[in-house]
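Welcome, and thanks for taking a look at this one. Please have the sequence and the 3D view open side by side as you read.

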Amino acid sequence: MSTKELNTYALHALTQSGAEKAEAILTRTEKTEMNLENGALKLIRTTVDHHLRLTALQNQRRGSLLLNKSDRSVVDAAVQEVLAIAAAAAPDPAHDIAEYQPAKTFNKGGTAPDLDLMYQRFKTFTSEVAAEFPRIVLLNAHLDFTRQTTCFQNSNGVDFTVNQGGYRFAVTFSAQEGPGSSSFNHTGFFTLDLDEELLNGGSLRILLDQANRGQTPRKSPGKFTGEVLITPDCLEDFLHFLLEITISDGPLIAGTSPFRHSLNQLVVSPRLTLACCPVAPEISSGYFITSDGYEAQNATIFANGVLKSFLLSQYGARRTGLPRGANDGGAFVVTPGDHPLTVIMKKVKKGLLLNRFSGGAPSPNGDFSGVAKNSFYIEDGKIQYPLSETMIAGNLISLFQSIAAVSRERIDFGSALLPWIHAHGVTISG
Amino acid sequence: MNIDLSSFKSLFTDYTELRCQENNSLVISFFKGNNTTNTRLSTSGVSARVYKDGVWGFASSPEANADGVKFVVTAATDNAAFLAAKERQSAPPLPRGAVVVHHDPPLTTPPPSPEQLVAFLQEIDRYIAGKYPNLASRTVTLNRTELKKALLTSDGASAFSLHTRSLIQIGLTVEHDGAPVSLQEVFGGRGRFETHFPTPDTLYPQIDQLYEHLMRKREGVYPTAGLKTCILAPELTGILAHEAIGHTCEADLVLGGSVAGTKLDQPVASPLVSLVDFAHTALGEACPVPIYIDDEGTSATDALLIDHGILKGFLHNKETARHFQVPPTGNARAFRYSDEPLIRMRNTAILPGKASLDQMIASLDDGYYLMRPSNGQADATSEFMFGVTLGYEVKNGRLGRAIKDTTISGLAFQVLQTVNEVSREFKWLSGGMCGKKQLIPVGLGGPALKCQVMIGGR
């Protein structure tokens, strides 16, 4: 049976067996991955997997079953089990499935990896790093090509098929420092093809160059309230944190989100315009359907600081009475600012270039604290030295309200397009 | 899992590991009284890893049958051959240990049904809602997992292992001055649900205690940022052992330049500190994640990392053991059938000392007592951090105000030099998951420690 035929069979079996509403999602994934460990290519990995997710609603009781099998006999047993799980559940009037939308097929990226080209790009990357950045130690790296076919169908007539393929490259590295090494750092990017050399992707060249300079790290000078220049790598994490505690299902259903009454109001700095763009052409990865079965649309989250959208699922929207989000979040695109990074840097009187944040999960009220990793101390507009053992603390919402500048330059990670952001009000202690 | 791997040994042409695995879990969740999640997850399949001339090939398939096995052995062999031909390295064979055979007994009685479990959680949720109406939100989540693995290697090792874990996570949120304050705790651990949770009311005293802490945290203050004397409760010491020392001592990180690589047989901690990555049994009891044989077929042995302050060893797979010319420790582990084995910790713990926790607090003039951790991270430099979700000021030997969520950090080998008291009270943190490329269950344990660490704050 093809992916589509099996998924259709599973959905039909669910409704025939008594589900009032049902949903079937079958994903077939093939991944080819090359792995480097401590500077040497060590492993090639080929994995094939299936994920079948069946959901049944009966008297507003919802049950789900996720398994990685795709033959008919397994599906028959799974249908009976998911109905039993639903029958055992407590009813919740907010459960539902996506409404009817016209059937659609989405295609993006390649269908098979070019193994020889993957090898060639990987080898060129390691030799270029060795030549250009001799102090760098490549701890591990992997380049994979992943091809997925997903069929999403439900009993309201939703019928989507997605064929998507592309390459993802991720690197963890450090720099030689005396007999040991510096703190490790990591970055990566997604691309639909391997036309470019890997070293030119994402922020790799910038981060490797910084790590390769070889200055001895020091603590920041004492404790002070300072500025931060947040790099694109770090900004993605901070944006995820911010949206998670303010406009996602959890805090909005709990009624504890500080933004719950703020739609179309100024909630962060007017300098910040953020969109989640899973289907934008500038996002190479992205996704076409939401996890609850809607065709994904791009959505502006903050327009010049004004909250334009929540990121609520269908369940969250029904539970809160607020509008459903147009997508599942991520795929961040931040509108660039007017000034180049060099000009913004000159305006930082005393603070940090924050490359990576290693901290505890932020509190529901936005408080965060953690270690400024792979970061640099800035004074009077100039990078002074790399930092070690330096902690930062602040509040995410205040941080994004205090943005002083957004850089003109952005990094294209394939999965996000992000600038540098200059903000105030962070407690820095070394 | 009804496949006899031994019948496929004739397919092996090079050093080969063949693994068949099934991961099952059940998640049931109540959020603010609503039954939001009732999901069972089951993934299973077969994988092979082949070693040839210093490089590896790996392949996996969800089809745990003869065709699936033939596919993964052939694909893994081809992948190894492709890379070996390109890289043209030469490497001696992997060390051959004693042939190991291990078989855990299968479960014989069925677990509670989803219906029973939903009713169980609903009763807990109703208890919280009824007794504590001032809460803004509450979550009650069950996560029951079962990992089954069968292994056959070309060296002759064979195993069937079974690991079960049953956890209930309770999260409470209250509003204070318009802002949410939360606290959560995980109960349970290795073994079956009914062993840990015979009736809902067995959890009520712990839920009451969690609520009392939340009420004090609601009035909490920011800690003063900087280097402070702190007492780490056993729950935090376990994370310290795992994040700060364990990762630094993983031999693949050592080969990548970890600071531990230059400190073997040197003092790295106070003489009060001894640290072991236990295989399956510690202090006379089974560990939270007992490992008798690893996913390379090596018999798992305890790895002594720090002995009375002296760094004594690293964690190894077969390849790094060959490099360092030591016996492998059985630390090669994979989480899913489609994961290749990596060097992973098992049950990492600092050993208990002789002090009493009460006396340790009583002897602290100014500092913090840190009780509950959240997530943590480590670095090759031994710089660590982990979040702290519950703690108190200590002034003149007495617990004072609660503190808000914070993070602590430091260079592990410096922090451990400052340890001047180690409690006799010892506790395993049994719900731990480590995320080094793949998530995997781990055990983290320790006593309370008095030491100096950097604390984040204002």
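Here is a short briefing on how the two chains meet and how they are built.

Please keep in mind that this is a predicted model. Where chain B meets chain A, 81 residues of chain B are in contact with 80 residues of chain A. Together the two chains bury about 6200 Å², and 51% of that area is on carbon and sulfur atoms.

**The face that chain B turns to chain A**

- Three residues of chain B lose the most area to chain A: Arg40(B), Pro180(B) and Arg458(B), which together make up 9% of what that side buries.

**Polar links and salt bridges between the chains**

- There are 47 residue pairs in polar contact between chain B and chain A, counting pairs with both residues at pLDDT 80 or more.
- The number of salt bridges between chain B and chain A is 10.
- One salt bridge to find in your viewer joins Glu81(A) to Arg40(B), with the closest N and O atoms 2.3 Å apart.

- Strand S2 of chain A (residues 40–58) pairs with strand S3 of chain B (residues 55–61); the two run in the parallel sense and share five bridges.
- To get your bearings in this pairing, look for Ile44(A), which stands opposite Gly57(B) in S3(B).

**The build of chain B**

- Chain B contains nine helices and 24 strands.
- The radius of gyration of chain B is 24 Å, close to the 23 Å from the globule rule for 458 residues, so chain B is as compact as a globular protein of that length.
- The C-alpha trace of chain B spans about 65 × 55 × 40 Å along its principal axes.

**A salt bridge within chain A**

- Over all chains, the structure holds 45 salt bridges.
- One of them links Asp92(A) with Arg319(A), whose closest N and O atoms are 2.4 Å apart.
- Asp92(A) sits in the loop between helix H2 (72–88) and strand S4 (104–108) of chain A, while Arg319(A) belongs to helix H7 (residues 314–320) of chain A, so this pair ties together parts that are 227 residues apart in sequence.

Conventions. Residues are numbered from 1 along each chain as its sequence is written. Chains are lettered from A and ligands numbered from 1 in the order in which they are written. This is a predicted model: local features need pLDDT of at least 70, side-chain atom pairs count only at pLDDT 80 or more; totals for chains, interfaces and linings use all residues. Side-chain values use heavy atoms; hydrogens and water are left out. Contact means heavy atoms within 4.5 Å. Buried area is the accessible area (1.4 Å probe) that two parts lose on being put together, summed over both. A salt bridge is a side-chain nitrogen of Lys or Arg within 4 Å of a carboxyl oxygen of Asp or Glu. A polar contact is a pair of N or O atoms within 3.5 Å; within protein, one must be able to donate a hydrogen and the other to accept it, and residues adjacent in sequence count only if both atoms are side-chain atoms. Two strands pair if DSSP finds at least two bridges between them. Helices (H or I, at least four residues) and strands (E, at least two) are DSSP runs, numbered from the N terminus. The radius of gyration is taken over C-alpha atoms; the globule rule is 2.2 Å times the number of residues to the power 0.38.
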